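Here's a quick briefing for anyone meeting this structure for the first time. Have a look at the sequence and the model, then read on.

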Amino acid sequence: MRFRNAFLAGLALASCTTQFIPVLFGLVSANAGPKTARAADDNPPGSAQTGTIKLNNCLIKAVKMARLASGQLGVLKDIAPKEGDAVKKDQIVVQLMDDVPRANLRVAILTAENTIEIDFATKANAVDVKEYENALGANRRNGNIFSAELERLKLSMEKSQLQIVKAKQDVQVNQAKAKQAKAELDTYRILAPLNGVVTRVQKYPGEAVQPGDPIFEVAKTDVVQAEDFFAQRQ
């Protein structure tokens, strides 16, 4: 009879061989074949026996596993876990050499924090507004005659107002570039996608990797699938 581990109540799989978990404890549900099912129907209700079934050489498979790959071209700096080590979700498990993208992020942050152009344009506009208002008042006292100088001052005031707008937009663009640099830096490390055990390591520190190159595998071990054959009387 073949069964699959469902972790429902207390069956001990104490003698199962497996690559990553030599001993498991959990409940199983038996999926009997047609003949076994008919035989079970012939037994009177309540005749089924319960207890511990010892299974030898059973096969245990991970129900859920992840193959972690590099998302960036680079050289491996560190691989934290080894085969058989437990890892937690969102733990940093792989780190690529990231000196260049880290420096790029620092430059992007400094650029995004620079608001000198906004401050300068704001002060320049305050001067232009004052000059225009003084010239406008003088022109009114002189009978609102046309003055080319007045038009020039008005244009200068509007220009400095637009410079404030542009300086603010530049800061927003630089902030977006800083976020982009941070996102790029994050691709130089790999986080564990689940709680589990490392079952295979394929790359080691110092090796070059291409985007998509598999580095190691993680298997989720809190729910597994066990397969074996046992006698119908069990």
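Let's start with helix α4, residues 148–186: its 39 residues should span 57 Å at 1.5 Å a residue, and its end C-alpha atoms are 57 Å apart, so the two agree. The expected span here is 1.5 Å times one less than the number of residues. Helices (H or I, at least four residues) and strands (E, at least two) are DSSP runs, numbered from the N terminus.

This is a predicted model, where local features need pLDDT of at least 70 and side-chain atom pairs count only at pLDDT 80 or more, while totals for chains, interfaces and linings use all residues. Residues are numbered from 1 along each chain as its sequence is written, and side-chain values use heavy atoms, with hydrogens and water left out.

**More on α4**

- Several α4 residues are buried, among them Leu-150, Leu-153, Met-157, Ser-160 and Ile-164. Buried means under 20% relative accessible area, exposed means over 50%, and partly exposed is in between (1.4 Å probe, protein chains only).
- The list of buried α4 residues also takes in Ala-167, Val-171, Asn-174, Ala-178, Ala-181 and Leu-185.
- What covers them? The cover includes α2 (99–112), α3 (116–141) and β10 (189–191).

**Asn-125, on α3**

- Asn-125 sits in helix α3 and is buried, because its relative accessible area is 11%.
- Its side chain reaches the backbone oxygen of Met-157 at 3.1 Å. That is a polar contact: a pair of N or O atoms within 3.5 Å, where, within protein, one must be able to donate a hydrogen and the other to accept it, and residues adjacent in sequence count only if both atoms are side-chain atoms.
- Leaving aside neighbours within four places in sequence, Asn-125 is in contact (heavy atoms within 4.5 Å) with Met-157, Ser-160, Gln-161 and Ile-164.

**Arg-102, on α2**

- Arg-102 belongs to helix α2 and counts as partly exposed, because its relative accessibility is 46%.
- The side chains of Arg-102 and Asp-98 are joined by a polar contact of 2.8 Å.
- Arg-102 and Tyr-188 are 86 residues apart in sequence, yet 9.8 Å apart in space, C-alpha to C-alpha.

**The whole chain**

- The protein chain has four helices and 14 strands.
- Of its 234 residues, 30% are buried.
- Among contacts with a separation of 6 or more, 75% are between residues 24 or more positions apart.

**An open sheet**

- Four strands form an open sheet in the order β6-β13-β11-β8, with antiparallel pairing. Two strands pair if DSSP finds at least two bridges between them.
- Which strands are at the edges? They are β6 and β8, each pairing on one side only.
- β8 and β11 pair over two bridges: Val-87 stands opposite Gly-196, and Ala-86 stands opposite Val-197.
- β11 and β13 pair over four bridges, and one of the facing pairs is Val-198 with Val-218 in β13.

**Nonpolar cores**

- In soluble globular proteins, nonpolar side chains tend to be buried together.
- The largest nonpolar core has 18 residues, and those touching the most other members are Leu-68, Leu-76, Val-93, Val-94, Ile-215, Phe-216 and Val-218. Such a core is a set of buried Ala, Val, Leu, Ile, Met, Phe, Trp, Tyr and Cys residues joined through side-chain atoms within 4.5 Å.
- The elements giving two or more residues to this core are β6 (65–69), β7 (74–79), β9, β11 (196–201) and β13.
- A second, separate core of seven residues includes Ile-60, Val-224, Ala-226 and Phe-230.

- Pro-214 is in strand β13 (residues 214–219) and counts as partly exposed, because its relative accessibility is 38%.
- Beyond its neighbours within four places in sequence, Pro-214 is in contact with Leu-68, Ala-69, Gln-202 and Lys-203.
- Asp-90 lies in the loop between β8 (86–87) and β9 (92–96), and it is partly exposed at 48% relative accessible area.
- The phi of Asp-90 is positive, near 70 degrees. Most residues other than glycine have a negative phi.
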